[in-house]
Amino acid sequence: MLSSDAFHGAQEVPVPGKMKESETLLAIIGGSGLTQLSTLEVLRREVSRTPYGEPSGALTFGRLLGGEVVFLARHGYGHTIPPHRVNYRANLWALKAVGAECVVSVASVGGIRPDCVPGTLVVPDQILDYTWGRANTFFDALHTSVRHIDFTHPYDEGMRRRILDMAHEAGEEVIDGAVYAATQGPRLETAAEIDRLERDGADVVGMTGMPEAVLARELELPYAAINVVANFAAGRGTSVQGIHFERVEQVLQEAMLRVRNVLTRLCQQ
Ligand code: HPA
């Protein structure tokens, strides 16, 4: 049986030292379709190293209509790092180390639930993890006591609310609550796999939500996601015969304008 002291308390988290004092610093991790924020007034870029190696790229510090943000392109600035090779630990650690106080993840997904059609913005509230072989914890040092964190609600509810409120203010429609299935990639799923995910309760499917969410939790960084439905998942809607990549690009471009609208308001808070 697990003893209660096997579950960590706040003071036990091996957080990296905060390097700078700042106003509330919002971190944005951008995925496919959001490798940069065109409306960001860039103040500086910082290359960082962490005990876990290098993050996906330099951290970009800037202001979005006055609010301070630090931006990181999850797949690198040339979009060269596939989901299973992203150094999630280094990314989260680096953001925490520069003083980020909360993280918004932007990631594209395939839509499984009928209302999750291409172009829809979704703020998920649950996760199913099908990834494997990824470094998914900071608590893996040998010869230290075993730690387990609570992950009942994988996204920070306060952050989710803020995103939903800002989307509402911006007049952007978003779906509140969905089960995000994290698959290994980089290939897309088969139709039968999507059927299984649906039976498991998944509403959308993506490849990067884990271990990102759990690593943020281990570092006590409030974390929430905005998912952009890029395509119908395999075997659904117009993806019955296959996924049309030409359409995906166009859908993402249009939807990211709406995501930027929400992010801009979010960092002004
Ligand atoms: N499956 C997994 N990840 C994705 C998809 C998908 O259909 N679309 C965008 N990211």
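Here are some notes on the predicted model above, point by point.

1. **Ground rules.** Residues are numbered from 1 along each chain as its sequence is written. Since this is a predicted model, local features need pLDDT of at least 70 and side-chain atom pairs count only at pLDDT 80 or more, while totals for chains, interfaces and linings use all residues, and side-chain values use heavy atoms, with hydrogens and water left out.

2. **Who surrounds the ligand?** Ser108, Val109, Gly110, Leu188, Glu189, Val205, Gly206, Met207 and Asn231 are the residues around the ligand, each with a heavy atom within 4 Å of it.

3. **Polar contacts.** These are pairs of N or O atoms within 3.5 Å. From Ser108 it is a polar backbone atom that lies 3.4 Å from a nitrogen atom of the ligand. As for cover, the ligand taken alone exposes 260 Å² and the protein buries 91% of that; accessible areas come from the Shrake-Rupley method with a 1.4 Å probe.

4. **Which elements build the shell?** Strand 5 (102-111) and strand 10 (204-206) are the elements that give two or more residues to the shell around the ligand. Strand 5 gives the most, with 3 residues. Strands here are DSSP runs of E, at least two residues, and helices are runs of H or I, at least four, numbered from the N terminus.

5. **Cis peptide bonds.** Gly185 and Pro186 are joined by a cis bond with omega about 0 degrees, and Pro186 sits in the loop between strand 9 (179-182) and helix 3 (191-200). A cis bond also joins Met210 and Pro211, with omega about 10 degrees; Pro211 is found in helix 4 (residues 209-218).

6. Most residues other than glycine have a negative phi. His79 is not a glycine, yet has a positive phi of about 50 degrees. Look for His79 in the loop between strand 4 (67-73) and helix 1 (88-97).

Definitions and conventions
Polar contact = N/O pair within 3.5 Å; in protein donor to acceptor, adjacent residues only side chain to side chain.
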